[in-house]
Amino acid sequence: MKKINIIETRVRSFIEDIQHPKQKKKLNINDLEFQLRKLLDDYYEMDGYSLFYEAIQSLQDKGQLAPIHNNQHNGKTPSLPLYYWVNVKAQADKWDRLGMMKLSDLFDFSFYERHPEWQTKEEWSRIQSLYGFLQSSGEREVVSLEERSLELFGHEEFLHDGVSFPDGKGFLARIGVSEEQLKVVKYGEPFVFWMKQGKEIKDIQRVLIVEKLSFFHTSIQLLESDLLDYEPELIIYGEGTKIERSFSFFFKIFPAKSYLFYYAGDLDAAVYGIMTRLIEKYPDCCIQPALKIYRKMLECLDQRNEQKSGQLQNLKYRDAFFRWFTKEEQELLMQLWQEKKRIPQEVLTIETWRRWM
């Protein structure tokens with residue numbers, strides 16, 4: 001019995017030392033046994049591997065270890081999987097149950113009962129701060145998410161920067177509180193736009209969104225010379241994917257009515273995604289690709305260049321974008337796709353535009 005306890009004690013102590021309160025860790029079982037053999041001079045005399053095997057099985061039964069079944073084994077008899085997950089450390093409840101009951105009129109603590117590892121002093125402090133706010137929230141004004149985050153949790157990025165604040169992004173979900181209860185609003189990012197001279201806000205009907213800064217300035221020149229396709233009253237500089245975050249800002253400036261939005265960007269995988277996501281996110285808006293402009297770009301096929309590294313070639317976005325074009329145009333677009341080429345919007349300059357005048 002004494003020998004068994006030596007092995008079990010060593011193994012259990014090692015496992016408890018590396019257990020993390022919030023995430024699993026991967027363990028190589030041969031590495032663990034090697035460490036044991038170095039510590040115990042009589043490891044082989046005591047039939048150490050048999051005792052080691054029993055200790056691992058016991059820890060697995062108790063839920064501290066979980067085997068990773070990938071057909072890799074430790075090469076011993078009886079065999080063990082080569083890799084195990086060291087499961088999250090189970091902790092006893094740290095919070096005073098009476099304290100939780102006092103706050104249960106506003107909060108649901110079921111998550112914390114299922115996951116006691118989250119019952120930390122820092123989390124309880126956040127909950128108390130939030131409880132104090134909710135008690136008087138009826139008298140509070142609506143502010144930005146960042147402003148409320150700073151007020152309640154000490155940093156403006158706490159609730160949405162999951163990299164810098166991994167405990168913050170899921171906090172509201174853990175405690176069962178919505179952003180609406182915080183009385184916050186997510187403001188759309190402002191964008192740069194140009195209104196045609198002589199037009200007023202009430203005159204706006206057609207809006208052209210362009211991806212690149214160069215073509216934004218080119219479009220302004222064309223617009224003021226009455227040479228721009230669609231004759232938009234307003235041009236917005238989309239700044240690549242930023243338009244997905246800033247599009248809602250449009251409705252903070254311009255009156256609620258029906259608009260025609262035309263989007264023009266590079267002919268590449270990134271734009272196919274931007275275009276498709278905008279249409280999906282704003283189904284009540286009339287958003288479509290600026291086909292007349294894209295057709296001009298397709299005539300500049302000889303100026304195609306390499307697809308930017310890191311762009312995901314999403315088939316769903318590609319097919320959704322291609323459907324707007326004729327069969328012949330789709331063949332050209334597919335050629336670009338298969339060659340991993342793109343046509344940048346910068347092919348459209350004041351000089352090249354002359355060929356279509």
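Five strands form an open sheet in the order β6-β8-β7-β9-β10, with mixed pairing, in what is a predicted model. Helices (H or I, at least four residues) and strands (E, at least two) are DSSP runs, numbered from the N terminus, and two strands pair if DSSP finds at least two bridges between them. The edges of the sheet are held by β6 (192-195) and β10 (286-289), each of which has a single partner strand, so one side of each is left without a neighbour in the sheet. On average, neighbouring strands of this sheet are turned by 20° against each other, direction ignored; the axes are lines fitted to C-alpha atoms. Strands of a sheet pair through backbone hydrogen bonds, either parallel or antiparallel. Between β7 (residues 206-210) and β9 (residues 260-264) the pairing is parallel, over five bridges. Valine 210 has alanine 264 in β9 as its bridge partner.

Threonine 77 and proline 78 are joined by a cis peptide bond, with omega about -5°; proline 78 belongs to the loop between β2 (65-67) and β3 (83-86).

Aspartate 226, which is not a glycine, has a positive phi near 55°. This aspartate 226 lies in the loop between α9 (213-224) and β8 (234-237) and is exposed, at 58% relative accessibility. Lysine 340, also not a glycine, has a positive phi of about 55°. Lysine 340 is located in the loop between α15 (327-339) and β12 (341-342) and is partly exposed, with a relative accessible area of 48%. Here buried means under 20% relative accessible area, exposed over 50%, and partly exposed in between (1.4 Å probe, protein chains only).

Residues are numbered from 1 along each chain as its sequence is written. Local features need pLDDT of at least 70, side-chain atom pairs count only at pLDDT 80 or more, and totals for chains, interfaces and linings use all residues, while side-chain values use heavy atoms, with hydrogens and water left out.

Key: Axes fitted to C-alpha atoms, helices over the stretch in contact; angles between N-to-C directions.
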